[in-house]
Amino acid sequence: MVTSYFTKQSEMPREKLTGMQKIAILLGELGENASEDVLNSIKLTDKQLKGIRNAMKRLGMYDPEDSVKVAREVQVLEDVYHYGEMRGILVPNPSRYVIPPVGYVKVAVNSPGNDIRQSAQNDPDAIAKVLSSWLSEDK
């Protein structure tokens, strides 16, 4: 059974996230093992690693009751899917998703990062490419 949660699109706060913030959010979503695989696939400088750690500290712990943090997570996951779909490296499994009612956006389905986490474990280089593109945003 698929559990879906929806919120009105107009209620979802949107903000401009830096590449480091996006990476910090995605690594938190992936979990330790998948994050390690992805980070091993990308050559980061000490400065970049420090920037990611600082972004993680500033963002704080994820709280599913905090609409700002949920919106950030959704925004990052959408960016990963969009990047992956455009390049044919990450295509979400449509059978896992329920289309939200008009005017609403989906903020969770079971575990929203399962497809990305699985992809990171199967092909960490693909997710590393997303991180590389985000790093170039901060230049």
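**Helix 1 and its packing partners**

Colleague: What are the angle and the axis separation where helix 1 and helix 6 pack?

Modeller: Helix 1 (residues 19-30) and helix 6 (residues 124-137) pack at an angle of about 155°, and their axes are 7 Å apart. Axes are lines fitted to C-alpha atoms, for helices over the stretch in contact, with angles running from 0 to 180 degrees between N-to-C directions. Helix 1 is therefore roughly antiparallel to helix 6, a label for angles over 145 degrees. This is a predicted model, in which local features need pLDDT of at least 70 and side-chain atom pairs count only at pLDDT 80 or more, whereas totals for chains, interfaces and linings use all residues. Residues are numbered from 1 along each chain as its sequence is written, and side-chain values use heavy atoms, leaving out hydrogens and water.

Colleague: Which residues of helix 1 and helix 6 make the contact?

Modeller: Helix 1 contributes Gly19, Met20, Lys22, Ile23, Leu26, Leu27 and Leu30, and helix 6 contributes Ile127, Leu131, Trp134, Leu135 and Glu137. Contact means heavy atoms within 4.5 Å.

Colleague: And how does helix 1 sit against helix 4?

Modeller: Helix 1 and helix 4 pack at about 90°, with axes 10 Å apart. They are therefore roughly perpendicular to each other, the term for 65 to 115 degrees. Lys22, Ile25, Leu26 and Glu29 of helix 1 meet Arg72, Glu73, Val76, Leu77, Asp79 and Val80 of helix 4.

Colleague: Which residues touch the most other members of the largest nonpolar core?

Modeller: Of its 28 residues, they are Leu26, Leu30, Val80, Ile116, Ile127 and Leu131. Such a core is a set of buried Ala, Val, Leu, Ile, Met, Phe, Trp, Tyr and Cys residues joined through side-chain atoms within 4.5 Å. Helix 1 gives the most to this core, with seven residues.

Colleague: What does leucine 30 touch?

Modeller: Not counting residues up to four places away in sequence, leucine 30 touches Ser35, Val38, Ile116, Arg117, Ala120 and Ile127.

Colleague: Changing topic, is glutamine 21 buried or exposed?

Modeller: Glutamine 21 counts as buried because its relative accessibility is 17%. Buried means under 20% relative accessible area and exposed over 50%, with partly exposed in between (1.4 Å probe, protein chains only). Glutamine 21 touches Lys16, Ala55 and Leu59, not counting residues up to four places away in sequence.

Colleague: Which residues of helix 2 are buried?

Modeller: In helix 2 (residues 32-41), they are Ala34, Ser35 and Val38. Seen down the axis, these fall within an arc of 100°, so they line one face of the helix. On the other side, Glu32, Asn33 and Asn40 are exposed.

Note on methods:
Helices (H or I, at least four residues) and strands (E, at least two) are DSSP runs, numbered from the N terminus. Angles under 35 degrees count as roughly parallel, over 145 as roughly antiparallel, 65 to 115 as roughly perpendicular and the rest as oblique. The arc is that of the directions from the helix axis to the C-beta atoms.
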